[in-house]
Amino acid sequence: MPPLIVLAAAAAGALFGAKALKREWARVNARLDEAERADAARDRTARPTLKKDPTSGEWRPE
């Protein structure tokens, strides 16, 4: 009977650890996604738009 109690306690500990790891993973991923979206929005506004020069055919910033 005692090995069964030890096995049940180990299983409960593993389940608790897995849930905690899943929760932490979700928190970190949400923060990374938020930072990535902010970085993408900042990149779009920081980049100059290009316009094709009709005489030379080269692309130049507006």
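This is a predicted model: local features need pLDDT of at least 70, side-chain atom pairs count only at pLDDT 80 or more; totals for chains, interfaces and linings use all residues.

Residues are numbered from 1 along each chain as its sequence is written, and side-chain values use heavy atoms, with hydrogens and water left out.

**Confidence and elements**

The predictor's confidence in each residue is given as pLDDT, on a scale from 0 to 100. The chain has an average pLDDT of 90, and 98% of its residues score at least 70. Confidence is highest in helix α1 (residues 2-46), with a mean of 92, and lowest in strand β2 (residues 59-61), with a mean of 88. Helices (H or I, at least four residues) and strands (E, at least two) are DSSP runs, numbered from the N terminus.

**Overall form**

The C-alpha trace of the chain spans about 90 × 15 × 5 Å along its principal axes. The radius of gyration of the chain is 27 Å, whereas a compact globule of 62 residues would have one near 11 Å; the radius is taken over C-alpha atoms, and the globule rule is 2.2 Å times the number of residues to the power 0.38. Within helix α1 lies L32, and the C-alpha atoms of L32 and G17, which are 15 residues apart along the chain, are separated by 22 Å.

Of the 62 residues, 2% count as buried, where buried means under 20% relative accessible area, exposed over 50%, and partly exposed in between (1.4 Å probe, protein chains only). L32 is exposed, at a relative accessible area of 51%. The chain exposes about 5,900 Å², of which carbon and sulfur atoms supply 64%; accessible areas come from the Shrake-Rupley method with a 1.4 Å probe, and for residues only the protein chains shown count as cover.

**Salt bridges**

The structure holds three salt bridges, each defined as a side-chain nitrogen of Lys or Arg within 4 Å of a carboxyl oxygen of Asp or Glu.

| Salt bridge | Closest N and O atoms |
|---|---|
| R27 and E24 | 2.5 Å apart |
| R60 and D53 | 3.4 Å apart |
| E58 and R60 | 3.6 Å apart |

R27 and E24 are three residues apart in helix α1, so they are separated by about one helical turn. R27 is partly exposed, with a relative accessible area of 44%, and E24 is also partly exposed, with 37%. D53, E58 and R60 are linked in a network of salt bridges.

**A nonpolar patch**

M1, L4, I5 and L7 make a nonpolar surface patch of about 490 Å². Patches are made of residues with over 30% relative accessible area and no salt bridge, with like charges joined within 9 Å and nonpolar side chains (Val, Leu, Ile, Met, Phe, Trp, Tyr) within 5 Å. M1 is found in the segment before α1, and M1 is exposed, with a relative accessible area of 70%.
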